[in-house]
Amino acid sequence: MGNTTPPRMLYNDYGDARLGASVLACQATADPLYPFANVINRDRHVIAALLSPPNPCNLDIALATNYDIYGVGFCNLFPVSGTALVQAGVDVYAASNAAFTQDLQLVQSVSQFGFIGASSASSPKTYGVLFTGAYNSKYWRFQFKGWPSFYAGRLALFGAAYDMPAAGKGARAGSSYALVTPRNRGRALGGGPIIEDIGAQRQRFTLRFRGTDEDIRNQVEQLAQQRRPWMHTDHDAQWFHVEMTETGDEQEFEQVGVGYPNVWETTVETEQLAP
């Protein structure tokens with residue numbers, strides 16, 4: 001992992017049923033096996049199926065109360081059949097009432113080219129959007145435009161964001177990532193290897209930060225304390241939905257240099273939640 005693009009972080013997800021979020025309405029047809037409410041399930045692998053949606057299709061979410069929201073995340077979002085997409089996108093709105101008739105505000109438009117690519121999405125997509133500032137609201141609308149029937153694993157509404165500076169604090173020399181293939185290994189009686197893949201390949205990130213003040217330490221402390229999934233970018237600015245690995249259970253912060261009590265180094269290790 002190089003230093004070409006400093007990481008962006010989105011965390012403190014309030015769009016979570018365990019924290020009081022709820023799905024108010026959706027204009028698509030519900031599949032009883034994959035209900036709309038699954039988009040606020042903390043597990044991104046519990047998916048919702050949105051069948052025969054109109055164009056556009058509104059999916060409305062209410063948080064437990066008004067929160068400052070700094071960005072959104074889309075996880076495991078893809079058409080049911082891998083259908084080619086033409087000018088598909090998502091508009092994100094905030095409002096002051098559940099009917100979305102008061103103070104309706106377009107917060108962010110996410111284009112097909114920024115999110116999906118030029119033509120199609122035959123595999124699950126994960127993407128994060130960091131707003132230019134905070135939007136304080138309880139009621140949020142995801143308006144899907146140009147989508148055929150599709151699946152959605154997670155629609156996240158993040159109450160905290162952090163853009164790591166490119167130099168000085170946030171210098172990432174020594175950061176790395178590894179490709180991980182979960183598998184069982186063993187040997188047959190004859191001595192030959194037995195290898196069984198038990199999951200999709202994913203990435204494990206080691207992000208090393210050095211700060212001129214306590215900003216970085218404060219961010220990492222919040223991530224470690226929440227013990228919930230969050231999102232960050234890699235060196236190519238690609239978004240990943242991640243959880244801290246076991247090192248986050250004993251997150252370590254080191255002071256750098258005698259006489260500089262507010263200069264810290266820390267390593268954040270995360271692992272991609274595989275699609």
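**Strand pairing and cores**

Reply: Thr29 has Leu51 as its bridge partner in strand E4. Please note that this is a predicted model.

Me: How many bridges join strand E3 to strand E4?

Reply: Strand E3 covers residues 29–30 and strand E4 covers residues 48–51. The two run antiparallel, and the number of bridges joining them is 2.

Me: Which residue in E9 does Ala49 stand opposite?

Reply: E4 is also joined to strand E9, residues 150–163, in an antiparallel arrangement with 3 bridges. Within E9, the residue opposite Ala49 is Tyr151.

Me: Which element gives the most residues to the largest nonpolar core?

Reply: This core has 35 residues, and Leu50 and Trp140 are among those with the most contacts inside it. The elements that give two or more residues to the core include E4, strand E8 (125–145) and E9. With 9 residues, the element that gives the most is E5.

Me: How many residues does the second, separate core have?

Reply: Among its members are Ala160, Phe209, Ala224 and Met244. The size of this second core is 17 residues.

Me: Is Ala274 buried or exposed?

Reply: Ala274 lies in the segment after strand E17 (264–272). Beyond its neighbours within four places in sequence, Ala274 is in contact with Arg44, His45, Ala200 and Arg202. Its relative accessible area is 15%. Because the cut-off for burial is under 20%, Ala274 is classed as buried.

Me: How far apart in space are Ala274 and Val242, C-alpha to C-alpha?

Reply: In sequence, Ala274 and Val242 are 32 residues apart. In space, their C-alpha to C-alpha distance is 8.7 Å.

Notes
Residues are numbered from 1 along each chain as its sequence is written. This is a predicted model: local features need pLDDT of at least 70, side-chain atom pairs count only at pLDDT 80 or more; totals for chains, interfaces and linings use all residues. Side-chain values use heavy atoms; hydrogens and water are left out. Two strands pair if DSSP finds at least two bridges between them. Helices (H or I, at least four residues) and strands (E, at least two) are DSSP runs, numbered from the N terminus. Buried means under 20% relative accessible area, exposed over 50%, partly exposed in between (1.4 Å probe, protein chains only). Contact means heavy atoms within 4.5 Å. A nonpolar core is a set of buried Ala, Val, Leu, Ile, Met, Phe, Trp, Tyr and Cys residues joined through side-chain atoms within 4.5 Å.
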